[in-house]
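Hi there,

Here is the structure I promised to pass on. Below it you will find my notes.

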Amino acid sequence: MLVSVRRRLLTALLQAQRWPFQPSRDMRLVQFQAPHLVGPHLGLESGNGGGVINLNAFDPTLPKMMKEFLQQGEDALSVARRAQAASLPVLPRSEVTFLPPVTGPDKVVCVGLNYVDHCKEQNVRVPTEPIIFSKFASSIVGPYDNIVLPPESKEVDWEVELAVVIGKKGKHIKAADAMAHVAGFTVADDVSARDWQMQRNGKQWLLGKTFDTFCPLGPALVTKDSVADPHNLKICCRVNGELVQASSTSQMVFKTQELVAWVSRFVTLYPGDVFLTGTPPGVGVFRKPPVFLKKGDEVQCEIEELGMIINKVV
């Protein structure tokens, strides 16, 4: 057992080294806690897998939560840039607890069948319009928190996804203007109870998608100017070290700009809103025979340039 745990930790470290960051250039915003601090704080991750710079220590007037930080727009981001350029103390990663990079969003928008290769996996047509559903914000947990198997489901599945975080309020946003409303990107696992998604609740997807702990996010909100091309990133998922999903965000049917424009036709988008943009092939339900998560499993979701989340199933 100990050897297995060590092997998984080594894999995670190697992955972080394979897709390195330039801390002087890339901005990786995090929410975190530490034993010597009272409550959540806002910080900068000093590179993929690095320690944390306490932004609230640099400027005590900054909000301590990401949503409020994003609401302040460019003023808050300029403070973070100054902190990034300064030589500030870095809290060791071992001394902090990473929270979800965003908590309490007004909405979590999800997109179904948004990877060409995932559509082929199911032998279904590629959608001509985005398929939109949602998760409740209460499903969000941190990048290293546990996924709790609900007693109501026996078919809990994994879905690695690119998450988009909104940074600016908007309605009826044009696709050409959409990236001005995006703060950045992070890694998500759209954990799904397939029995409730596909068989129960009138086959409405909501309940199967929104059990508590069914939306791990993190480890950081990587600002959009730090990502060379969000639609050309390697994306993968491992369960107990076995590669189960491996694709590229280039397979997305509807890109970020199209999704933001489409959804904003119906609802107002607010800073902190999260978009889960769909998953590539390799989910458990379409394996032969189907495979579902069980107690003791470990799920690693990773996206190039963004990082990795690691969640134990309990």
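Helices (H or I, at least four residues) and strands (E, at least two) are DSSP runs, numbered from the N terminus. On that basis the protein has eight helices and 17 strands. Its radius of gyration, taken over C-alpha atoms, is 19 Å, close to the 20 Å from the globule rule for 314 residues, so the protein is as compact as a globular protein of that length. The rule itself is 2.2 Å times the number of residues to the power 0.38. Along the principal axes, the C-alpha trace spans about 55 × 55 × 30 Å.

Before you go further: this is a predicted model, where local features need pLDDT of at least 70 and side-chain atom pairs count only at pLDDT 80 or more, while totals for chains, interfaces and linings use all residues. Residues are numbered from 1 along each chain as its sequence is written, and side-chain values use heavy atoms, leaving out hydrogens and water.

Of the 314 residues, 56% count as buried (under 20% relative accessible area, 1.4 Å probe, protein chains only). Take contacts (heavy atoms within 4.5 Å) between residues at least 6 apart in sequence: 75% of them join residues at least 24 apart.

One residue I looked at is Ser-139, in the loop between β6 (131-135) and β7 (140-141). Ser-139 is buried, with a relative accessible area of 0%. Leaving aside residues up to four places away in sequence, Ser-139 touches Thr-210, Phe-211, Asp-212, Thr-213, Phe-214 and Cys-215. Its C-alpha atom is separated by 25 Å from that of Leu-243, 104 residues apart along the chain.

Best wishes

Notes. Buried < 20%, exposed > 50% of the residue type's maximum accessible area, 1.4 Å probe, protein only.
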